[in-house]
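Subject: Handing over the two-chain model

Dear colleague,

Here is the structure I promised to pass on, and below it I have set out what I found on going through it. Please read the notes with the coordinates open beside you.

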Amino acid sequence: MTLASLGRGQKGVIRAIDTSDPMVQRLMVLGLVEGAELEYSSAAIGGDPLEFRLFGNAISLRKEQARHFTVSPLPNGG
Amino acid sequence: MAKPSVTRVSVDQITVSRRPSVSIAVVGNPNSGKSTLFNRLTGLRQRTANYPGATVEKHVGTATAGKAVLELIDLPGTFSLSAHSTEERIAVDVILGRMPGTNPPAGILAVVDMTNLYQGLYLVQQLMELELPMVVALTMSDAADLKGLRVDIDALQARLGGVTVCPVVATTGQGIKALRQALAELPGSPQPDLPAFWPELNKAAEQLSAELQGSVRRIEIERALLDGSGETEQEILGRLGKDRDERVGEVRRELFGDEPPLAREARYRYKWVREILDEVQQRAPPLTTWGSRFIAWLNRPVPGTIGLFVVMAIVFQAVFAWATPMMDAIDAGTVALGSFLASQMPEGALASLLSDGIVAGVGSVIVFLPQIMILFLFIILLEDSGYLARAAYLMDRVMRSVGLSGQSIIPMISSFACAVPGIMATRVIPNRRDRIATMLAAPFMTCSARLPVYALLIAAFVPAESIGWINLQGLVLLGLYLLGIFAGVLTALLLRVTALRGPKPPFALMLPEFRKPNLRTVLMQLWGRVKVFLRRAGTVIFAVAVIVWALAYYPRSDTVAWELAEQQAVAEASLTGGALSEALQGLEHQAAADQLAQSWLGRAGQAVEPVFRPLGWDWKISAAVIAGFPAREVVIAVLGTVYALGDAADEATLAQRLKSATWPDGAPVFTLPMVFGLLIFYACCLQCAATLAVIQRETNSWRWPVFAWFYMSTIGYVGALLVYQLGSG
């Protein structure tokens, strides 16, 4: 499952990253690394980009980039 | 950590002079409250310049800290030392002491948003490797309280090897005194007592540096090894020389294996950040208030979209409704001052230069100020409250589909009032290609200077009839607005597949929390932007206004003056009272029209008439259009003069005169196809020196303004030609 497929309010922990894309490396610099916990909050007009919460702060990514991050979902409230 | 190599300056030495001798770089993530803190520390003792060869502004201020006087350099916000935009490159170059004309910093003030320690500490770790003395300011500690965040300052300080950490609230000044004290002690402060973060990297870079006889510093080589695609790094790698490529590749393989260096760096450093966070930060459930609930609701797509359109409508309304009366007042004031001066002086070139050239020229600069100030006030408020980032996020998909980016939304909407502030607002767009595409699309939006011409021609030539509930005149006006939008979007799309072709920039945007903008910061930013406009665009607009005056004034014809005197004598002999003053005014207007006809401008109109003849224009319209190239709103005044009604003719009279204008064979000049062609020409042409000057300033080259001018003129001409030829045929 990737970041792009989390449901609203669902949390996930990044488990693996497809690092071959230089754009993905730029996102890693922003803190999207293995072990980081994200919560999907909503999408913009037209369903893209997506908004997540990362350590209490909002970050938005395009869907095509979110697909490079494999996550394992966390139970809600966890 | 490796041995420090900085020159230490003791505080006592600094106090000898009140001029700052030590520079401190203020570094932090975007939206970390860095600029607010900078303003708080320096007050009004700041100056703005440009970095060489870049449009990025350099903000330098002087701060007193105890007895010390320090120079603070407010750097563009950055998340890391891997530069991928011009702003980031400049920040990194200044930090590394590689920026010509800027003192290498003797210390660093790292600004970290307490609510975002995660990304803040990442940058702090990179900065600590520079081995410069450092102070960390933790901003927004009030917001952290509201979010239920507790940070153990002592523990953080210990984890950072004893670097001073000062919690501050820049907006209220809380904690600033302690921060000043820490800054005063900074230049001589000891190095953090920590083991190296990344000994393998330090060692490899040290060795490479030694191989190059120290011509490239260790820290520069480290950056180059980590991020071969960054702007600064590319330049450093270039300096290493071609034969080093292999060696660099070898060292990289040794250090990182198959892992991309940047990915390794992120994994490596965030691991350290997570460890610190687990130790120093406690998170309690955030306080839920009505305000925070409202904001959470606004973050959802549908209410967010509605909110966005409400905000846009308010901005648009304010720019039109508030600026228009002020602009009218400035216009009226300019005209009154001009005629007062003219009446106080003997008639002649000097009086005309003063009233029609200089006063009108200055007027044409300051007439932009109300719009620019109101628009920038809104943009700064939206930016500082964090809303701009959210608007860019919400609109990204929509704007992307027309070849622009989410951040283009504010510049594009602003351009409906005036392209000048709109283009100045493109600075919020990080990607260069997106920025230029937006700049070239923006002048197509129907600005307020086009409206008077539209209004005149539509009122005169489009029947005031309604089909059902649709008013024809309104329909034509709407059509012209849509034409502008369509042409702008098409331009952006075309540019993105030709000159500005390139990979889609990654879109990752931190969406800051909503916060109350700080009045002081807002006003200081506003003043900064107004100054830039006056200095750079203002000079061009003024110069052009004087040139147009000269073209319309010279050469003077003695014959016209002599005939005027003769006719005035005849009128005075035969008429009295009201009839006489009316006749005299008519004669003066006729003389002004005759003078204009034989002036350089009039001659130019006649010379280019063959070019515009296929559009159905006579020399009078051609001359008015030429005069309107520097500033399109001039056209009405020129038409007034050329049709012998004076330059302040009211629109109804002028419209009447236009309707009765004929070719020598008696056919009307202003036919419907010709008028529609003229409107299209107006909708498309870049008749605005201020816009050209601002595009030049923002792109730092004449290439784009020249291209925009030819491109838009061609579209306008071809559009007008097609409409006239098809309509008349």
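This is a predicted model: local features need pLDDT of at least 70, side-chain atom pairs count only at pLDDT 80 or more; totals for chains, interfaces and linings use all residues.

One cut-off is needed at the start: a residue is called buried if 20 or more other C-beta atoms lie within 10 Å of its own, exposed if there are 12 or fewer, and partly exposed in between. By that rule B:N202 is partly exposed, because 17 other C-beta atoms lie within 10 Å.

For chain A the mean pLDDT is 89, with 96% of the residues at 70 or more. Within chain A, confidence is highest in strand β1 (residues 11–17), at a mean of 95, and lowest in helix α1 (residues 22–29), at 88.

Chain B as a whole

The secondary structure of chain B consists of 32 helices and 12 strands, and its C-alpha trace spans about 100 × 60 × 60 Å along the principal axes. Of the 729 residues in chain B, 44% are buried, and among the contacts with a separation of 6 or more, 71% are between residues 24 or more positions apart.

The domain assignment gives domain 1 of chain B as 11–188 and domain 2 of chain B as 199–256. Their C-alpha centres lie 27 Å apart, and the contact between them involves 10 residues of domain 1 of chain B and eight residues of domain 2 of chain B. On the domain 1 side of that contact, five residues are nonpolar, two are polar and three are charged.

The seven-stranded sheet

Chain B has an open sheet of seven strands with mixed pairing, in the order β2-β3-β4-β1-β5-β6-β8. The strands β2 (46–50) and β8 (164–167) of chain B stand at the edges with a single partner strand each, so one side of each is left without a neighbour in the sheet. From one strand to the next, the twist averages 25°.

The antiparallel pairing of strand β3 (residues 57–65) with strand β4 (residues 68–74) of chain B runs over seven bridges, and within it B:G61 stands opposite B:L72. Helix α7 of chain B (residues 176–185) packs on the sheet, where it touches β1 (22–28), β3, β4, β5 (107–113), β6 (134–139) and β8 of chain B, and its direction makes about 95° with that of β3(B).

β1(B) runs parallel to β4(B), with five bridges joining the two, and B:V22 has B:L70 as its bridge partner in β4(B). β1(B) is also joined to β5(B) by five bridges, again in parallel, with B:V27 opposite B:A110. Six of the seven residues of β1(B) are buried.

The parallel pair β5(B) and β6(B) is joined by six bridges, and B:D113 has B:T139 as its bridge partner in β6(B). In β6(B) six of six residues are buried: B:M134, B:V136 and B:L138 point one way from the strand, whereas B:V135, B:A137 and B:T139 point the other way.

A covered helix further along

Helix α31 of chain B (residues 689–699) is mostly covered, with 10 of its 11 residues buried. The buried residues of α31(B) include B:L692, B:V694 and B:I695, and also B:R697 and B:E698. Just after α31(B), B:N700 takes a positive phi of about 60°.

Where the chains meet

The contact between the chains takes 31 residues from chain A and 35 residues from chain B. On the side of chain A that touches chain B, α1, β2 (37–43) and β4 (57–61) of chain A each supply at least two residues, and α1(A) gives the most, with seven residues. By class, that side of chain A divides into 15 nonpolar, 11 polar and five charged residues.

With best wishes

Technical notes:
Residues are numbered from 1 along each chain as its sequence is written. Chains are lettered from A and ligands numbered from 1 in the order in which they are written. pLDDT is the predictor's confidence in each residue, from 0 to 100. Helices (H or I, at least four residues) and strands (E, at least two) are DSSP runs, numbered from the N terminus. Two residues are in contact if their C-beta atoms, placed from the backbone, lie within 7 Å. Domain bounds come from an automatic or database domain assignment. Ala, Val, Leu, Ile, Met, Phe, Trp, Tyr, Cys and Pro count as nonpolar, Asp, Glu, Lys and Arg as charged, and the others, Gly among them, as polar. Two strands pair if DSSP finds at least two bridges between them. Axes are lines fitted to C-alpha atoms, for helices over the stretch in contact, and angles run from 0 to 180 degrees between N-to-C directions.
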